[in-house]
Amino acid sequence: MKMMAKTWFRCSVTRYGVDYMNKTGMTLAASMLAFSMTTTALAEDKKGDPFTWGGDVRFRVVNMDEIPLSSQLGGTILAPWLYHRTRSRLWGRYQMTDNTAFKARVTNEFWDYFNDKDSSGAQPGVSKRFISEFVFDEFYLDFTKLLGGKLDLRIGRQALIYGTGKVILEGTPGDGSRTIYHNAVRASYKMPDYSVDLFAMANNDEDDFALHSKERQLAGYDGRGGGIYIKNNKYSVKQEYYYVFKHEDTHGDGNDADLHTVGARFMPKFSDRLSANIELATQWGERQGGIDFSDAHLFDFTLKYKLPVAESMKPVADLSLYYLSGDDPNTTDEEGWHQVWGQWPQFSELYVYSVIGDGVTANNTSNNFPGNYSNIITPSVGVSAQLTDKLAGKLRGHMILADTDDGPGTGKNRGALLASKLTYKMDKSWSGHMVYEFLNPGDYYAADEDNAHFARFELNYRF
């Protein structure tokens with residue numbers, strides 16, 4: 001704990017200067033307060049109208065340091081970062097008929113770094129600075145209650161999230177949490193005991209429709225694909241099944257890939273207190289040059305128990321195991337789990353950066369983005385509680401291991417991770433959270449790696 005405090009103090013105060021952080025934070029907070037007073041008055045006029053609108057503003061301060069990277073990137077550490085990022089979104093929705101509606105949302109996010117240069121002397125994040133670019137992360141038509149009320153159809157730029165998001169969630173990993181959209185068509189057919197979604201998407205590496213474009217790279221490839229997702233509620237154990245196809249066009253660098261993923265998810269409920277989530281998936285396919293994907297697997301298991309103590313606080317404990325196969329360097333095939341559309345902080349805000357480069361193999365050099373989860377075995381234990389009517393907390397401990405020994409160190413122990421989060425909801429408009437995560441790297445990394453940390457403060461206003 002003493003070393004954790006020393007590292008945080010050195011990075012946040014000595015190196016970058018707390019006065020600048022306080023000044024910037026106070027200015028933005030005051031701006032958000034004035035903005036909220038204006039939009040609250042305007043929002044009173046939008047009820048009962050076929051046209052509705054709204055928006056939100058998110059302000060974050062992030063500090064990270066000593067985050068270790070894989071051997072594919074030389075076994076280095078990520079440069080220390082201390083920055084704030086401000087995202088604003090404004091949406092409008094027009095109900096054209098009882099069964100037809102159109103929605104659009106425009107998004108802007110800019111970053112400002114307190115450390116003007118990284119460890120290599122380069123200027124970080126130039127393309128993200130004020131005012132940056134404006135993008136539409138929602139732009140779609142809805143056709144609902146077709147075929148006797150059983151079919152819904154959505155066409156255009158939209159979010160696609162299925163299950164726990166391990167396979168389908170993030171369409172634009174290169175811009176972090178600014179957007180997650182897919183350019184897609186989705187048809188949802190609903191029956192009493194089943195629902196079936198058919199979807200197809202086409203995402204480009206850069207957004208051709210960005211305003212004030214900064215040509216920000218979003219994925220490292222143009223992604224095309226589609227699939228089917230089935231939910232079965234007929235039996236006491238809820239079940240989901242899916243098949244997803246993805247083609248990656250890597251702009252002529254010889255790493256184009258066709259990937260097939262099949263999986264199933266089960267959600268048994270053993271009692272009012274005890275429940276579980278179980279997901280299994282496998283992959284196959286081919287990379288340009290005749291290289292096969294083979295024996296790549298995902299296994300995700302969580303057992304949750306509602307604790308019979310302090311029940312007004314709704315405490316929940318859980319045990320989890322998450323497994324993603326690793327690539328065998330002694331074969332020409334790729335056995336490592338290949339992220340489909342799951343490159344987001346699945347279990348850690350810190351470790352999503354540590355796996356930059358984990359998707360890089362001798363056959364594929366195009367995946368240098370956060371969230372390339374592969375070659376991971378992580379048992380974990382967590383607890384959460386509603387501490388007050390407005391304050392909630394989570395605490396989780398991970399032991400992170402590698403399936404295959406391919407790191408810059410001598411073993412398979414990626415390290416011990418402690419993750420904590422406090423969430424505060426002030427009212428229907430204002431909310432915020434604080435995140436702190438700490439990683440003690442294991443022998444998967446170089447012997448001289450220091451402890452890593454990630455900290456974030458967030459304030460949200462929604463209108």
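# Close-up views of a predicted model

**Figure 1. E138 and its partner R105.** With a relative accessibility of 10%, E138 counts as buried. The model shown here and in the following views is predicted. E138 forms a salt bridge with R105, and the closest N and O atoms of the two side chains are 3.7 Å apart. Because E138 belongs to strand 4 (residues 134-145) and R105 to strand 3 (residues 100-113), the pair ties together parts that are 33 residues apart in sequence. R105 is also classed as buried, its relative accessible area being 13%. Both residues take part in a network of salt bridges that links K103, R105, D137 and E138. Side chains of opposite charge can pair when their charged atoms come close. In the whole chain, 20 salt bridges are counted.

**Figure 2. The salt bridge between K190 and D152.** The side chains of these two residues meet at an N to O distance of 3.6 Å. K190 is partly exposed, with 49% relative accessible area. The limit for an exposed residue is over 50%. D152 likewise counts as partly exposed, at 22% relative accessibility. D152 is not classed as buried because its 22% does not fall under the 20% limit.

**Figure 3. A link between K166 and D300.** K166 and D300 form a salt bridge in which the closest N and O atoms are 3.3 Å apart. The pair connects distant parts of the chain: K166 sits in the loop between strand 5 and strand 6, whereas D300 sits in strand 12, 134 residues away. Both K166 and D300 are buried.

Figure 4. A296 lies in strand 12 and is buried, with a relative accessible area of 1%. Leaving aside residues up to four places away in sequence, A296 touches A281, T282, Q283, S325, E335, G336 and W337. The C-alpha atom of A296 is separated by 7.7 Å from that of L324, a residue 28 places away along the chain.

Figure 5. W111 is located in strand 3 and counts as buried at 5% relative accessibility. When residues up to four places away in sequence are not counted, W111 touches Y83, H84, R85, K128, R129 and F130. The C-alpha atoms of W111 and R60 are separated by 9.4 Å, and these two residues are 51 positions apart along the chain.

Figure 6. A nonpolar patch of about 490 Å² is made by F51, Y94, M96, L141, I155 and V185. One of these residues, L141, lies in strand 4 and counts as partly exposed at 31% relative accessibility. A patch of positive charge is formed elsewhere in the list of surface features by K238, K269, K306 and K314. Of this group, K306 is found in strand 12 (residues 291-306), and its relative accessibility of 46% makes K306 partly exposed.

Figure 7. Most residues other than glycine have a negative phi. E215 is not a glycine, yet its phi is positive, at about 50°. E215 is placed in the loop between strand 7 (194-203) and strand 8 (222-232) and is exposed, with a relative accessible area of 59%. D295, again not a glycine, has a positive phi of about 55°. D295 lies in strand 12 and counts as exposed at 55% relative accessibility.

**Figure 8. The chain as a whole, for orientation.** The chain contains four helices and 18 strands. Of its 463 residues, 49% are buried. The accessible surface of the chain comes to about 21,600 Å², and carbon and sulfur atoms account for 60% of this area. Among contacts between residues at least 6 apart in sequence, 61% join residues at least 24 apart.

Notes: Residues numbered from 1 in each chain as written. Predicted model: local features only at pLDDT ≥ 70, side-chain atom pairs only at ≥ 80, totals over all residues. Heavy atoms only, no water. Patch = residues over 30% accessible without salt bridge, like charges linked within 9 Å, V, L, I, M, F, W, Y side chains within 5 Å. Areas by Shrake-Rupley, 256 points an atom, 1.4 Å probe, with all protein chains shown as cover. Salt bridge = Lys/Arg side-chain N within 4 Å of Asp/Glu carboxyl O. Lys, Arg positive; Asp, Glu negative; His and termini not counted. Charge placed at Lys NZ, Arg CZ, Asp CG, Glu CD. Helix = DSSP H or I, 4+ residues; strand = E, 2+ residues; numbered from the N terminus. Buried < 20%, exposed > 50% of the residue type's maximum accessible area, 1.4 Å probe, protein only. Contact = heavy atoms within 4.5 Å.
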